[in-house]
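Open the model in your viewer and keep the selection panel at hand. The stops below go from one contact to the next.

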Amino acid sequence: MALETTPTTMTEAIPTIVEAMLLELDDQSIIRPLVRNVDFSGPGVLHHTPFVTRLAAETDDNLSNQALDSGGSDYTSPSAATVGAHGATVLLKTLARMGTVGDLAAAAGQLIGQCLVVQQEKDLAGLFSSFTPIQGGANNDIVAADLYAAYKKIRQGWGSFPYNLVITPGQFWGTKGIITLLQLDATNGIQSHGVGTVGEDIARNGWTGRILGFDVYTTTNITTTSNNASGLAFSKEAIKFVNKRDVQIETDRIIVGEVGDQITGTGYWGEAILRGSQGVEMQFNEDT
Amino acid sequence: MEDLSKLSKQELIDRLNNQSVNQVSAESEFDKVQKLANKNDPNAIPLTYTSDHKNIYLYTALNKRIGPLHPENAKQSMLRFKHYGHQLYVKPRTEAEIEEYKKTDFYKKEAAKEEQTRKNRKSMTRAGQMEEFAKIISKETGVAVVNQISSLAVK
């Protein structure tokens, strides 16, 4: 019978599962493509990045002094990312498979992909609040000068372009969000309206991809507490995502307790702050 | 069929009470079956996430939550914050501990600096600029021009 689930049938469904999973991983990945991605497929579970002390101009212009001076490192410790194991398991019950018109194997792949990509994004977003440069605070509403200050800080840290700003949807569209900076009234920081301006962009599309030198992205994977959240303004080198092995699919037949196929997607990755001076935590209110 | 109109008022009330008790009993038994049935729902596709570590939240002295972080990242964060004079904690701070911290000189200095920064940044907005402009014109010309400026802004 065509709908009998046997190990052979599940093996044939693996490409479908993988395809659906990869689509979720690609579509929902917002933060990961913006950071330094490192392939760590060799031996070891701890990825280190040592830092070289930067030379600075000598402040004393006495002729007998050297022209350059070795400055201290900007960083308190080498950047070390520990790889962890992550797994998402779906139990595809035989009865559910037999009773469904659609392709449950693709649904399983979609669920696994969603689970793992959300976990990757949450792991990266969790680092935002551990940056020591910060703008804003627990009860602060964003103003334009906060974005200027973040830009200045990343420039001082020698961050390479482009600069990105990842925030929650509430921090962009909320009643205290960035969008309020571009309203056509006298109460906000930037009055940018007219043909070809950012204000016109927002008036037409409800969204602008670039503001005050930052490429703007929103994600729901940043934790919000009491209408306050911590986004991040950063350059690519601020964070590193270390990939030990791409997500793989494994299947197992279960006939004890439940009857079905257990499909597991496993990924091995780690993340860490790479250059702390090239990221600025943006902690602001979302809504009143 | 029984003629209910021949029953007394009390008999009717007793009949209705008995029915409602039975109905409640029948409904609760049905709910119990439904609850047991949900444990093995063939239509559900359970998804389980597992990991070899547990992410940790850290807290500042003001109870700001940091993370969740991989345990190694949590250790690095503690060192990084300590370098700048801030201690991070594994457990949330109590109200008493927060109040105690707010009495320290370090906090008072940092809080004053931050308050001034917020004040400066808010003053950089365009809020009240038209009014300021009107005042400057008034001062320069010696004439009250506030109303004229407002009407110009509307145009």
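Pick Ala88(A): its bridge partner in strand 1 of chain B is Tyr49(B). Keep in mind that this is a predicted model.

**The interface**

Now select the residues in contact between the chains. Chain B brings 39 residues and chain A brings 54. The area buried between them is about 3,700 Å², and carbon and sulfur atoms give 51% of that. Which elements of chain B supply at least two residues each to the side that touches chain A? They are strand 1 (47–51), strand 3, helix 2 (71–83) and helix 4 (105–123). Helix 2 of chain B gives the most, with seven residues. Color the chain B side by class: 14 residues are nonpolar, 14 are polar and 11 are charged.

**Salt bridges across the interface**

Side chains of opposite charge can pair when their charged atoms come close. Three salt bridges cross between chain B and chain A. Select Glu281(A) and Lys64(B), whose side chains meet in a salt bridge at 2.7 Å, N to O. Glu281(A) sits in strand 15 (residues 279–285) of chain A, and Lys64(B) in the loop between strand 2 (56–59) and strand 3 (65–69) of chain B, so the pair joins two chains. Is Glu281(A) buried or exposed? Its relative accessible area is 1%, so Glu281(A) is buried.

Next, select Asp146(A), Arg118(B) and Arg121(B) together. A network of salt bridges links these three residues.

**Salt bridges within a chain**

Over all chains, the structure holds 11 salt bridges. Go to Arg36(A) and Glu237(A), where the N to O distance is 2.2 Å. This pair links distant parts of the chain, 201 residues apart. Arg36(A) is in strand 1 (residues 36–39) of chain A, and Glu237(A) is in the loop between strand 12 (228–234) and strand 13 (239–254). Arg36(A) counts as partly exposed at 32% relative accessibility, whereas Glu237(A) counts as buried at 16%.

Finish in chain B with Glu97(B) and Arg93(B). They form a salt bridge whose closest N and O atoms are 3.6 Å apart. Glu97(B) is partly exposed at 34% relative accessibility. Arg93(B) is buried, with a relative accessible area of 19%, because the cut-off for buried is under 20%.

Terms used:
Residues are numbered from 1 along each chain as its sequence is written. Chains are lettered from A and ligands numbered from 1 in the order in which they are written. This is a predicted model: local features need pLDDT of at least 70, side-chain atom pairs count only at pLDDT 80 or more; totals for chains, interfaces and linings use all residues. Side-chain values use heavy atoms; hydrogens and water are left out. A salt bridge is a side-chain nitrogen of Lys or Arg within 4 Å of a carboxyl oxygen of Asp or Glu. Helices (H or I, at least four residues) and strands (E, at least two) are DSSP runs, numbered from the N terminus. Buried means under 20% relative accessible area, exposed over 50%, partly exposed in between (1.4 Å probe, protein chains only). Contact means heavy atoms within 4.5 Å. Buried area is the accessible area (1.4 Å probe) that two parts lose on being put together, summed over both. Ala, Val, Leu, Ile, Met, Phe, Trp, Tyr, Cys and Pro count as nonpolar, Asp, Glu, Lys and Arg as charged, and the others, Gly among them, as polar. Two strands pair if DSSP finds at least two bridges between them.
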